[in-house]
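Here is my note for your first reading of this model. Please keep the structure open beside the text and check each point as you go.

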Amino acid sequence: MKSLKEFTIPFVGLKIGKHHFEYEVEQPFFEHFEYEDFNNVKVNVDLILEKKSTLLELHFKISGWVNVNCDLTNEPYNQDIENEFDLVVNFGDAYNDENIDLLIVPHGTYEINIQQYIYELIILAVPIKRIHPGVEDGTLNSEILKKLEELSPKLKEDKEKDKSEDIDPRWNTLKKLLTDK
């Protein structure tokens, strides 16, 4: 996959200390990854890169929304997301990204591409079960919800309540035997 230039940070020219980067991620970013679950995206990424003499520390913080379809009604809605992630970049003999929080790059590397980390951070911030807020509070008027409610089976509890009101009086006298010890 071709890397996006705007997400490549040339850290070799940076002074030791903290450096702040801001990115705005929108739908074309996910089209680059061929990810089609989002209808629209608007996410702000704040990245603090702390350069030290032997390593780099990156702190990602995202906030924004993604427009997704509800799993129950298939109605599109904006899902608010927030997430944070810390990454340590160290230098070694060979490239190694087996550890989640640690990236080892070869000596002599002068830049790092962060697009994959941003992509994964946004994807993981979206809940697994996507439910429209109107479904939860009952304000969404949808044909699908009406049809689901119409076709849903009646609750057994309602039928049992009707039966419990019509208790045979002989049972009451038998219950007295249990308490009259």
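1. Start with one term. A salt bridge is a side-chain nitrogen of Lys or Arg within 4 Å of a carboxyl oxygen of Asp or Glu. A search of the whole structure finds 4 of them.

2. A word on the source. This is a predicted model, where local features need pLDDT of at least 70, side-chain atom pairs count only at pLDDT 80 or more, and totals for chains, interfaces and linings use all residues. Residues are numbered from 1 along each chain as its sequence is written, and side-chain values use heavy atoms, with hydrogens and water left out.

3. Look at Lys42. Its side chain meets that of Glu24 in a salt bridge, 2.9 Å from N to O. This pair links distant parts of the chain: Lys42 sits in strand β3 (residues 40–51) and Glu24 in strand β2 (residues 17–26), 18 residues apart. Helices (H or I, at least four residues) and strands (E, at least two) are DSSP runs, numbered from the N terminus.

4. Lys42 has another partner. Its side chain also forms a salt bridge with Glu26, at 3.7 Å from N to O. Here too the pair links distant parts of the chain, with Lys42 in strand β3 and Glu26 in strand β2, 16 residues apart.

5. Lys42 is partly exposed, because its relative accessible area is 34%. Glu24 is partly exposed at 43%. Glu26 is partly exposed at 35%.

6. Next, find Lys52 and Glu57. They form a salt bridge, and their closest N and O atoms are 3.1 Å apart. Lys52 is partly exposed at 33%. Glu57 is partly exposed at 29%.

7. Turn to the surface. Ile167, Trp171, Leu174 and Leu177 form a nonpolar patch with about 440 Å² of accessible area together. Patches are made of residues with over 30% relative accessible area and no salt bridge; like charges are joined within 9 Å, and nonpolar side chains (Val, Leu, Ile, Met, Phe, Trp, Tyr) within 5 Å. Accessible areas come from the Shrake-Rupley method with a 1.4 Å probe, and for residues only the protein chains shown count as cover. Leu177 lies in helix α6 (residues 169–179). Leu177 counts as exposed because its relative accessibility is 58%.

8. Now the largest pocket. About 380 Å³ of space lies in it. A pocket is an open set of points on a 1 Å grid over the protein atoms alone, where a 1.4 Å probe fits, with protein on both sides within 12 Å along at least five of seven lines; lining residues have an atom within 4 Å of a point. Grid points are joined across faces, edges and corners, and the volume is the space filled by probe spheres set on the points.

9. What lines the largest pocket? There are 18 lining residues, and Leu87, Asp97, Gln116, Tyr117 and Glu120 lie nearest its centre. Helix α2 gives the most to the lining, with 6 residues.

10. Last, check two backbone angles. Glu34 is not a glycine, yet its phi is positive, near 60 degrees. Glu34 is found in the loop between α1 (27–32) and β3. Asn74 also has a positive phi, of about 65 degrees, although it is not a glycine. Asn74 is in the loop between β4 (55–69) and β5.

Note on methods. Buried < 20%, exposed > 50% of the residue type's maximum accessible area, 1.4 Å probe, protein only.
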